[in-house]
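Have the viewer open as you read.

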Amino acid sequence: MPRLVLLIRTRKLMWPAAALMVLLITVILIRVGLTSPIPDGAPGNLAGRRIAIDPGHGGIDGGTNRPDFLEKEVNLAVALRLRDDLIARGAEVVLTREEDIDLGMMSPEDGDGRYLRGLKTRVSIIEQNQSDLFLSIHVNANHRLPSTSGPMVFYSRKTPASRALAETLQARLNALAEEKGLKRHSAGPARFFLLENCRTTGVIVELGFMTNRTERALLENGDYQQELVQAVIEGLKDFFAQEGSVD
Ligand SMILES: [Zn+2]
C-alpha cells in the first residue's frame, strides 16, 4: 500500500478513535462515581446501597381510587421523590416502573391473569437487581371506617431482616403521623404476593388511608410527600445502622 494512502487512512481513523477513548473514559468515570460510596463515615450511610422501589399498580390498574384520587399516581410521585433523594445520597436505585404503565400488560402471556403477571414481573425486577432491600409503595383504604388513618408497614416472616426494616420505617412514619394528627400503627406481618415471593429483604409501605379526608389531602400534597420520603430515608438509615452494629 502506498505510504500516502496509509497516512490518509490512519488520519481518518484518528478522530473516531479519539472520540471512542473519550466515551470510554466518561463511562468509566460515571461508573466509578455511581458505585463508590461517599465516605461520610456516618452510621447508616446510604451511599453504595442498592435499593429497589416498587410503585404499586399503574396503567389500567389504578389501585384504590375515587373519582378524584388515583393510588397509582401517588405511589409513583412518592417513589420518584424517594428515588431522587436516595440517588443524591449515593444509593443505587432501580424502579419497577418509572411511568404510568401496567407491568402485567407488558409481560409475556403465561396462562396467568394480567394482575398476577404484573406482580411476577415486579418480583423478577427486584430479584435480578440483587438489591439490599426493596420498598413497595402503596396507599391504603378502609371504606367502612373512614376515620382510620396513618401509614402502615408490612413484612413477610419468610425474610428474617424484613421485620426489623418494617419496624424502623414504621417508627419514623409514626413520628410523622403523630405530628400531623394521624394514627400510629405497629408494623405487621402479611402474606402479600410480593412479600411471599421475594427472597430479598423488603416491605410494603402503605403511605396512608385515602378514605380519610385529611390524610387524602395530605397524600396529594407535594410537601407532605417529601415529608414521607424523609421519614423513609431516616428509617432506612436506622435500619442500616442497626444492621451494621449486628455484623
Ligand atoms: Zn395498592
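## The sheet

Six strands form an open sheet with mixed pairing, in the order E4-E1-E5-E8-E6-E7. Strands here are DSSP E runs of at least two residues, helices are H or I runs of at least four, and both are numbered from the N terminus; two strands pair if DSSP finds at least two bridges between them. E4 (92–95) and E7 (188–189) sit at the edges with a single partner strand each, so one side of each has no neighbour in the sheet.

E6 (residues 152–155) pairs with E7 in the parallel sense, over 2 bridges. Phenylalanine 154 has glycine 188 of E7 as its bridge partner.

This is a predicted model, where local features need pLDDT of at least 70 and side-chain atom pairs count only at pLDDT 80 or more, while totals for chains, interfaces and linings use all residues. Residues are numbered from 1 along each chain as its sequence is written.

## Helices on the sheet

Helix H2 (residues 71–88) lies across E1, E4, E5 and E8 (202–209), running at about 145° to E5. H4 also packs on the sheet, touching E1, E4, E5 and E8, and its direction makes about 170° with that of E1. Contact means C-beta atoms, placed from the backbone, within 7 Å; axes are lines fitted to C-alpha atoms (for helices, over the stretch in contact), with angles from 0 to 180 degrees between N-to-C directions.

Most residues other than glycine have a negative phi. Histidine 57, in the loop between E1 (50–55) and E2 (65–66), has a positive phi of about 65°. Histidine 57 counts as buried because it has 26 C-beta neighbours inside 10 Å (the cut-off is 20 or more; 12 or fewer is exposed, and in between is partly exposed, with C-beta atoms placed from the backbone).

Glutamine 130 has a positive phi too, near 50°, and lies in the loop between H4 (114–128) and E5 (133–140). With 10 C-beta neighbours inside 10 Å, glutamine 130 counts as exposed.

How values were computed
Two residues are in contact if their C-beta atoms, placed from the backbone, lie within 7 Å.
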